[in-house]
Amino acid sequence: MAMYHNLEKKRQIGFDIKCGNHRGVILMKEYITKRVHELYWKEDINCARTALVCLSELFKIAIEPQTIWSAAGLHGAGGYRAQCGLVEGTLMFIGIYLHTIGKTEDEIVSACYNFASAFDREFGSLRCFELRPTGFSENDPPHMCENLTCKGIEFAYQYILKVTKKYPQ
């Protein structure tokens, strides 16, 4: 069971993740959809933190509270509409996870570069401004990127499985 420490309410929330076969892929997608919705609407955290939390739970890696806090301003570079928080949160997680499984700094840097390239090919950009469904406006509803977040985290999960050669056969 993976844990995410809720910094505001001083409690931990845990979820079991079962992945591996075709049914596992469906469970993983359902899990991501449910968890993203909870993190956005109940915890009100941004896309970078949501990516960090979901990936840490999927890979059963603890994330320190200060790491979660370090991603507080990483939603499009603090709302500047620059690099997408899904990319930023995933890159942070790749560094943490690959380090824990013994990868070298060069291997981690290469995996981050390749993820950014793959994300750009898959979604058409790395920039929050270009990825948001309607760009930005003062009247945007909250958590407008929820669907994109689910797809981005699914993509990141599959990428990390492949790069670590843990992809289910």
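Student: Which residues do ring pairs link into a cluster?
Tutor: The model is a predicted one, and a search of the whole structure finds 10 aromatic pairs in it. Some of these rings join into a cluster, whose members are Phe115, Phe119, Phe123, Phe155 and Tyr159.

Student: Are the rings of Phe59 and Phe93 stacked or tilted?
Tutor: A pair of aromatic rings is described by the distance of the centres and the angle of the planes. For Phe59 and Phe93, the centres are 5.7 Å apart and the planes meet at 35°. Planes under 30 degrees apart count as stacked and those over 60 as edge-to-face.

Student: How many residues apart are Phe59 and Phe93?
Tutor: Phe59 lies in the loop between helix H2 (47-58) and helix H3 (65-70), whereas Phe93 belongs to helix H5 (residues 85-100). Both residues are buried. Their pair links distant parts of the chain, with a separation of 34 residues.

Student: Are the rings of Phe93 and Tyr97 stacked or tilted?
Tutor: Phe93 and Tyr97 both lie in helix H5, 4 residues apart, which is about one turn of the helix. Both are buried. Their ring centres are 5.6 Å apart and their planes are at 10°, so the pair is stacked.

Student: Which residues touch the most other members of the largest nonpolar core?
Tutor: In soluble globular proteins, nonpolar side chains tend to be buried together. Here the largest nonpolar core has 44 residues. Those touching the most other members are Leu55, Leu58, Phe59, Phe93 and Ile153.

Student: Which element gives the largest share of this core?
Tutor: Helix H1 (22-41), H2, H5, helix H6 (105-123) and H8 each supply at least two residues of the core. The largest share is 9 residues, and its source is H8.

Student: Which residues lie closest to the centre of the largest pocket?
Tutor: The largest pocket has a volume of about 390 Å³. Helix H7 (128-131) and helix H8 (146-163) are the elements that give two or more residues to its lining. By class, the lining has 13 nonpolar, 5 polar and 3 charged residues. Of the 21 lining residues, the closest to the pocket centre are Asn46, Cys47, His75, Arg132 and His143.

Student: At what distance from the ring centre of Trp69 does Arg49 lie?
Tutor: This contact places Arg49 over the face of Trp69. The distance of Arg49 from the ring centre is 4.5 Å.

How values were computed: Residues numbered from 1 in each chain as written. Predicted model: local features only at pLDDT ≥ 70, side-chain atom pairs only at ≥ 80, totals over all residues. Heavy atoms only, no water. Phe/Tyr/Trp six-rings, centres within 6.5 Å; stacked < 30°, edge-to-face > 60°. Buried < 20%, exposed > 50% of the residue type's maximum accessible area, 1.4 Å probe, protein only. Lys NZ or Arg CZ within 6 Å of the ring centre and 35° of its normal. 1 Å grid on protein atoms, 1.4 Å probe; cavity = no way out; pocket = protein on both sides within 12 Å on 5 of 7 lines; lining within 4 Å. Points joined across faces, edges and corners; volume = space filled by probe spheres on them. Nonpolar A, V, L, I, M, F, W, Y, C, P; charged D, E, K, R; others polar. Core = buried A, V, L, I, M, F, W, Y, C linked by side-chain atoms within 4.5 Å.
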